[in-house]
Amino acid sequence: MALYASRFKSIAGPFTPYEIENGIPFDKKIDPAWIRSLYERGKVTTYTKSKNELEFIGMPVGGITTGTLYLAGDGRLWLWDIFNANQEGIDPKEVEWKTDLHVGKKVRSRDGSAYVAPPRSSEMRLVEQGFAFKIEYDGRTVIKKMEGNDWTEIRFEATYPMATIHYIDDQLPVSITANVFSPFIPLDDKNSGLPATIYSFSVKNISKKPVAVSIVGWVENKVGLRSAPKNAVRTNELISGKSYFGIKQELRLSENLKGTEADIGSMGISVRSEKLTYHTDFVLPITAASFSNSDSKITDKKVADSLIGAVSTKLLVQPTKTSTADFVIGWHFPNLKLHPSIPDKGRYYNSFLSNLTAVFDYVHQHFSFLKQTTKKWKEVWYDSSLPYWFLDRTFLNISTLATTTAHRFESGRFYAWEGVGCCEGTCTHVWQYAQAPARIFPGIEKDTRQRVDLGLSLQPDGMMWYRGEVVKGPAIDGQAGTILRIYREHQMSANSGFLIANWTKIKLAVQYVIRQDRNNDGMEDTPIENTLDAVWDGEISWLVGLCIAAVKAGEQMAIEMNDMEFAAICEAYVAKGMKNMEEKLFNGEYFIHRPDAEKGRQKLGSYNTCHIDQVYGQSWAHQVAIGRVIDKEKTVAALKALWKYNFTPDVGPYIKEHLGGRPYALEGEGGMIMNTNPKNEAKPYGENVTWQLGYFHECMSGFEHQVAAHMMAEGMVEESLILTRMIHDRYHAAKRNPFNEIECSDHYARAMASYGTFITACGFEYHGPKGYMKFAPKIGSDNFKAPFTSAEGWGTFQQKFANGKMKASVVIKFGNLRLNSFGLESSKNVSGLQVTLNGNRIPATMKKDTNSVVVNFEKEVIIKEGGRLEFSFI
């Protein structure tokens, strides 16, 4: 047996049956050349028509929390989940499966139907939409549609949030490129949450004569998709603004349509052009007349008849020159209503954009800023020494926020499922794994902590409802993880206002965690719901460690609040917990689940098995830089055990032996199994197992990303890269949608743990109120460059070693950065510090430790947009 992780070469094996135990090979036999390639910078991830890699691509290109709108590999839009359908899964269906799952014999959306039978863009074009080009040169006229069959080649650069698509035909005198995106600006959640998709076309003349290129874009009116009666009337109307004209599409209201239906609103298309070419009743197929001038300014049709609106512009491109054209597709469907127990409703964008015309007015008025700043972020993100594939996989899951997994009500409240339409309530025991949102849009996360977790969910005893008002009960991992999130949100603040305003409530939540240690040994042992949808008895390493980390975060916050009495209580809990966890839950190789003394192993649990999250508390500790909560030597041993017993370059043998798991990884694909049985016990998971046992035999990418992030932090760089790449290859566009990591339904929130691996690869630490930042790169530290975000700005960090000297710099590309101190890590001896801000020397001192340097500034340094802070060491 050999494993093919790419489409072209074997990278692991072959394995004989004697080299595999319990479905897992201890010697992974991964090709060293392939491992070396993981460190290489590589090239932009590009999928092509010629390799049949475009059909499954569905890159979310709507604003965050505005619905789901997919960009296909050929550049057209599909899925169109913008009408408030509230369906489970992107493509609700059931797939017959060959073996029994723990949920039956059919794979539903929540079980991975889009993994085993991924939808193709050609199958789900709910709305007729597209673009076409009329190219005039040398007395000839050629018409090309934005469809695969019309081009010799199409190259799709999968660079979220802005895809670049190249349309290639060697017989044409022009090259055409489309940059497609919705405005996406880290730290600016308002401008990143616009119900709009932008197509920015670039047409380059590669001939020696002028070429005329007309571009027409069209969208079908589908307002009232579900609610409109057969005699209802849709209308297309010409509208115009200061720098654009477009088509507004609506449904005429009647006695049977009150306007409050979920799918009632408006949609349309606009173009930035002064030349008025439009169609309120556009007719397909495309002909030369499609590019000529308009019909009537208003067209009405009954819903049984297709009604399409189109706008067009014309470019005259001189030889060797490039001309551009920009189109905006917009929508406005404000009537969102989710769970009946939730008072909030409506969509956030409706709080500042009252209708489609307002959407177009806003986007076109701010077009230059929105386009250029989105492009700037894309450039900053990819202007790095880290591998392209790694930058893709660790970041692209933030696109989950631009799907119907995530919503934002008109009140501003953020509310989310675990995956599209599945498991409500912004579940704390899932969302606490997601590291990306707080680093990219900290304002949303801080508001959610304050409005929900420390607001409507917080009970008098400090317990937080883990699904808001939908499920009024606790989840111990959700509670502990949310305390850690609160500390992270404080760190991602410009000052201590968030902490000061919420300290009394935060303290209450930490006290609740401490009280769940019934025998006062620092190890949580109260049976409470956890993310594996069960209540386990006993002392469980991953829950114990997570609670220790949470209480240590509480200690740090108490110190900052000068609440030294409570800080001492937390310190004592952490000390006891660490000691007892390491003595009583470590079996010499990995951490376990110690059964309850009275109940024993009656119920489902992980017990002596090797569980994927066993040292999760320490993983979280690295994300917020609180130091050790589990001994390093034992932690690394546990991670090595996970590599030995749980990781496999081919899950095929394991899932053949261990039935019941949902198919989130298939034969020939690598991954890390949730729980394995190294001791070969007859009943490793308890005497009376329940349906949740199936989870143990699955590969769930969110958990895998958490482990990869932790391995990176502990110096297991190779293992971290291999695991991350295995996930990346599972979601190769030749097989399924690269932008949709699936667990319990599509675009699963836990997968945003992938950003944590980027954080630990950079060795990034940040504390906004203290004005502290640090980098300790784990990959290519001699010549390292990477992006970062902070409370008020984002930019690029770079460090280089050459000729015995070290230089480092921080450049701010957006906003500003306030610093009092800056940390770096170096295995080389450094001295002779010089610091400059925008070329001017500033006073600073240096404190050295074994492999680290901390630079302290004499007074606060403020790096403004475009500014540069440089460090020089001898």
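Predicted model: local features only at pLDDT ≥ 70, side-chain atom pairs only at ≥ 80, totals over all residues.
Cys422 is in no disulfide, and the nearest cysteine sulfur, in Cys423, lies 3.4 Å away. I noted for myself that a disulfide is a covalent bond between the sulfur atoms of two cysteines.

**Cys427.** I then checked the sulfur of Cys427. Its closest cysteine sulfur is that of Cys423, at 7.6 Å, which is too far for a bond.

**Burial of the cysteines.** I looked up how covered two of these residues are, taking buried as under 20% relative accessible area, exposed as over 50% and partly exposed as in between, with a 1.4 Å probe and protein chains only. Cys422 is buried at 0%. Cys427 is buried, with a value of 0%.

**Strand 22.** I moved on to strand 22, residues 322-332, where nine of the eleven residues are buried. Strands here are DSSP runs of E with at least two residues, and they are numbered from the N terminus.

**Its partners.** Which strands pair with strand 22? I counted two strands as paired if DSSP finds at least two bridges between them. Strand 14 (residues 196-205) runs antiparallel to strand 22 over nine bridges, and there Ser202 stands opposite Thr324. Strand 18 (residues 266-271) also pairs with strand 22 in the antiparallel sense, over six bridges. Gly268 has Gly330 of strand 22 as its bridge partner.

**Ground rules.** Residues are numbered from 1 along each chain as its sequence is written, and side-chain values use heavy atoms, with hydrogens and water left out. Local features need pLDDT of at least 70 and side-chain atom pairs count only at pLDDT 80 or more, while totals for chains, interfaces and linings use all residues.

Technical notes:
Helix = DSSP H or I, 4+ residues; strand = E, 2+ residues; numbered from the N terminus. Disulfide = S-S within 2.5 Å.
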